[in-house]
Amino acid sequence: FRSTDLGCFSAVSQLKEVYGFPDSTYYQLKDRFFVSSGGIKKININTASRGELYRQPYLRPIVKELLRLRERLGRFEDIADLRQIPLINDEKYRKIAPYLSVH
């Protein structure tokens, strides 16, 4: 994905996911970066439209399942409710949770 797709990074390790950013450069520079979560714009998974959810790169593969689960639950009480989606393992959950809210 492009770095602008997320808006902000929640972890330095996300630099490895930026298109065109070589691993060798990441390992040379990773200790010179820091991340502040203050700039992250959170998506409310209880009210976001399909389009809003799809714009978040980590959610794209699960938007359909997320909307199905939201319809079944009525509303998400906690971000951890997303773990009911089979495609969400621990690693994927750690990546997407900082970008989501339920309020």
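Author: Residues are called buried under 20% relative accessible area and exposed over 50%, and those in between are called partly exposed. Please bear in mind that this is a predicted model.

Reader: In what order do the elements of the protein run from the N terminus on?

Author: The protein has five helices and two strands. Read from the N terminus on, these elements follow the order α-α-β-α-α-α-β.

Reader: Which element gives the largest share of the largest nonpolar core?

Author: The largest nonpolar core has 23 residues, and those with the most contacts inside it are Ile-45, Leu-53, Leu-59, Leu-66 and Leu-82. Two elements give two or more residues to this core, namely α4 (63–73) and α5 (90–96). With four residues, the largest share comes from α4.

Reader: Is Gln-56 buried or exposed, and how far does a polar atom of its side chain lie from the backbone nitrogen of Tyr-58?

Author: Gln-56 is found in the loop between α3 (50–54) and α4. Because its relative accessibility is 5%, Gln-56 counts as buried. A polar atom of the Gln-56 side chain and the backbone nitrogen of Tyr-58 are separated by 2.6 Å.

Reader: How many salt bridges does the structure hold, and in which helix do Glu-91 and Lys-95 lie?

Author: The structure holds three salt bridges, and one of them joins the side chains of Glu-91 and Lys-95 at 3.7 Å, N to O. Glu-91 is partly exposed at 47% relative accessibility, and Lys-95 is also partly exposed, at 26%. The two residues are four apart, about one turn of the helix, and both lie in α5.

Reader: Which residue forms a salt bridge with Arg-75, and is that partner buried or exposed?

Author: Arg-75 counts as partly exposed because its relative accessibility is 37%. Its salt bridge is with Glu-77, where the closest N and O atoms are 3.4 Å apart. At 56% relative accessibility, Glu-77 counts as exposed.

Technical notes. Residues are numbered from 1 along each chain as its sequence is written. This is a predicted model: local features need pLDDT of at least 70, side-chain atom pairs count only at pLDDT 80 or more; totals for chains, interfaces and linings use all residues. Side-chain values use heavy atoms; hydrogens and water are left out. A nonpolar core is a set of buried Ala, Val, Leu, Ile, Met, Phe, Trp, Tyr and Cys residues joined through side-chain atoms within 4.5 Å. Buried means under 20% relative accessible area, exposed over 50%, partly exposed in between (1.4 Å probe, protein chains only). A polar contact is a pair of N or O atoms within 3.5 Å; within protein, one must be able to donate a hydrogen and the other to accept it, and residues adjacent in sequence count only if both atoms are side-chain atoms. A salt bridge is a side-chain nitrogen of Lys or Arg within 4 Å of a carboxyl oxygen of Asp or Glu.
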